[in-house]
Amino acid sequence: MLFRSVAFVLQFATQVQVSTFRVWPFNAASRAIALRLQQECVGKPADSVRVSTYFADQPSMEFYRTQLGLTCLRPMERLDDPNVAGYDYYVVNPEKPGPERETLFRDPRTGSALARAERAGTVIQ
């Protein structure tokens with residue numbers, strides 16, 4: 001009986017996966033995306049940067065916006081269909097990819113990415 005218990009615990013311990021939450025694995029990249037946004041926000045005034053996100057990404061991105069003190073970012077809205085017009089950046093979710101633009105960061109494990117929605121002097125419509 002003791003052997004079975006030890007074998008069960010060892011099997012469980014070797015199968016534990018803590019890098020992502022099973023239901024939303026793409027959210028594993030949210031912190032890395034927020035840290036990249038932090039770099040992009042250097043020197044920008046408060047509430048001057050808009051980020052478009054798919055509704056599933058919004059809670060984690062909003063968490064990191066407040067946690068990291070990213071005051072340059074406006075609060076993120078929950079959008080069913082992310083819009084790039086009028087936004088500075090957008091978070092690409094592998095479940096709901098947006099149009100390809102200048103990708104600033106892509107997580108190799110999850111496929112989630114941060115892209116620049118507008119380049120200096122051009123407006124994307």
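Q: Arginine 36 first: what does it count as by relative accessibility?
A: Partly exposed, at 23% relative accessibility. Keep in mind that this is a predicted model.

Q: And which side chain does arginine 36 meet in a salt bridge?
A: That's glutamate 40, with 2.8 Å from N to O. Both sit in helix 2 (residues 30–40), 4 residues apart, which is about one turn of the helix.

Q: Is glutamate 40 buried or exposed?
A: Buried, because its relative accessible area is 13%, and buried means under 20%.

Q: What else does glutamate 40 form a salt bridge with?
A: Arginine 116, where the closest N and O atoms are 3.1 Å apart. That pair links distant parts of the chain, as arginine 116 is in strand 4 (residues 113–116), 76 residues from glutamate 40 in helix 2.

Q: Which residues do salt bridges with shared partners join into one network?
A: Arg36, Glu40, Glu102 and Arg116. A search of the whole structure turns up 4 salt bridges.

Q: Switching topic: what's the order of elements in the chain?
A: From the N terminus on, α-α-β-α-β-β-β, so 3 helices and 4 strands.

Q: How much of the chain is buried?
A: 34% of its 125 residues count as buried.

Note on methods. Residues are numbered from 1 along each chain as its sequence is written. This is a predicted model: local features need pLDDT of at least 70, side-chain atom pairs count only at pLDDT 80 or more; totals for chains, interfaces and linings use all residues. Side-chain values use heavy atoms; hydrogens and water are left out. Helices (H or I, at least four residues) and strands (E, at least two) are DSSP runs, numbered from the N terminus. Buried means under 20% relative accessible area, exposed over 50%, partly exposed in between (1.4 Å probe, protein chains only).
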